[in-house]
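Here is a short tour for a reader new to this structure. Take a look at the fold first, then read on.

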Amino acid sequence: MTSSALPQVFKTIKSYREWRRSLTNTVKIGFIPTMGALHQGHLTLFKKSLAENDHTVISIFVNPSQFAPTEDLDSYPRTFERDFALVSELNVDGKSVDAILYPSVDELYPSGIPLDVSKQTGAFVTVHGLSEQLEGTTRPNFFRGVATVVTKLFNITQPDIAYFGQKDVQQTIVLKRMVRDLLIPVEIKVEPIVREESGLALSSRNAYLSEELRARCAGIYAALKKGEDAYKAGKSRSEILDIVKLNLADEQFKIDYVSLADKETLLEVEDLSKGAVLSLAIYVTEGEKTTRLIDNIIL
């Protein structure tokens, strides 16, 4: 694909699969699933794939099954025209994104997908042991939704490598276990968190924040860095967690969790000799609007 070519947009599984079959079996395909509202973090993943693969495919799909009835599915930003323009401008050594999978909800969930889990029917994927803690405590069906939609997307796109960002660290651990246990022939690559100059981790939900609050939210990463400093100084688990929480003292912040967990099991750890994942989730409130932000550092 030359730099002047635009990515093909496939709205049906059938049309994508016809294109995929037209490629030779020897090509290497990189894939990045997204929910749109693209930012520099996504573009970094796209560029990595372009550098390492013959073809690059992305998906844009706001996945209903990972939202609870009380969450922001309806208000989640949907900016396809802007996203398409951003993707179309990308070029790495003469290679551009080849395809955008942009399916409807009916395409990916032929049995339907009500937000009320008790009313859902059909096949779903659950990764037990890694999905219930941390993000799963507040959002008990979140990783069931993520694992299900990513399995569907892998089945459709048939990639060799899939790229994810470290910001969603629990998601990456869940998906690595999923492809291992279900024998899915896809390599999961995790790329470092991309941050704003202030240190705030890039997220589509940052669009909900005013400029003033966005600047204050830089304190989230600053708190994690204080925790990292404490870890390097040999402080205990409880001391590290206390330092992070102290540095998150802000009238507009409400802590959901601060965690020091094992890098593979995501179980909370006391012994930090082998490192850990220092992660957190914060509710940020401005007026009547509350936004939930996550971040982490690998110790």
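A residue counts as buried when its relative accessible area is under 20%. This model is predicted. Alanine 37 has a relative accessibility of 10%, so alanine 37 counts as buried. The residue sits in the loop between β2 and α2 (40-52). Alanine 37 is not a glycine, yet its phi is positive, at about 50°.

Glutamine 158 also has a positive phi, near 55°, and is a residue other than glycine. Its place is the loop between α6 and β5 (161-165). Is glutamine 158 buried, exposed or partly exposed? With a relative accessible area of 43%, glutamine 158 is partly exposed.

**A buried strand**

Strand β2 covers residues 29-34. Six of its six residues are buried, so β2 is largely enclosed by the rest of the structure. In a regular strand, side chains alternate between the two faces of the sheet. In β2, Ile29, Phe31 and Pro33 point one way. Gly30, Ile32 and Thr34 point the other way.

Which strand pairs with β2 through six bridges? That strand is β3 (residues 55-60), and the two run parallel. Isoleucine 32 has isoleucine 58 as its bridge partner in β3.

**Two helix pairs**

Two packed helices are described by the angle between their axes and the distance between the axes. The table lists two pairs.

| Helix pair | Angle | Axis distance |
|---|---|---|
| α9 (residues 218-232) and α10 (residues 237-246) | about 155° | 8 Å |
| α1 (residues 13-21) and α6 (residues 142-157) | about 45° | 9 Å |

Take α9 and α10, which pack at an angle of about 155°. That makes α9 roughly antiparallel to α10, because angles over 145 degrees count as such. The crossing of α9 and α10 is right-handed. From α9, the contact involves Ala223, Lys226, Gly227, Ala230 and Tyr231. From α10, Ile240, Ile243 and Val244 take part. The residues of this contact divide into six nonpolar, one polar and one charged.

Now take α1 and α6, which pack at an angle of about 45°. These two helices are therefore oblique to each other. On the α1 side, Ile13, Tyr16, Arg17 and Arg20 make the contact.

**A three-stranded sheet**

In what order do the three strands of the open sheet follow one another? The order is β7-β8-β9, and the pairing is antiparallel. β7 (253-261) and β9 (289-298) stand at the edges. Each has a single partner strand, so one side of each is left without a neighbour in the sheet. Neighbouring strands of this sheet are turned by 10° against each other on average, direction ignored.

β7 is joined to β8 (residues 277-286) by eight bridges. Valine 258 has leucine 280 as its bridge partner in β8.

α9 lies across β7, β8 and β9. The helix runs at about 30° to β9.

Definitions and conventions. Residues numbered from 1 in each chain as written. Predicted model: local features only at pLDDT ≥ 70, side-chain atom pairs only at ≥ 80, totals over all residues. Heavy atoms only, no water. Axes fitted to C-alpha atoms, helices over the stretch in contact; angles between N-to-C directions. Helix = DSSP H or I, 4+ residues; strand = E, 2+ residues; numbered from the N terminus. Parallel < 35°, antiparallel > 145°, perpendicular 65-115°, else oblique. Left-handed = near helix turned anticlockwise from the far one by under 90°. Contact = heavy atoms within 4.5 Å. Nonpolar A, V, L, I, M, F, W, Y, C, P; charged D, E, K, R; others polar. Buried < 20%, exposed > 50% of the residue type's maximum accessible area, 1.4 Å probe, protein only. Pairing = 2+ DSSP bridges.
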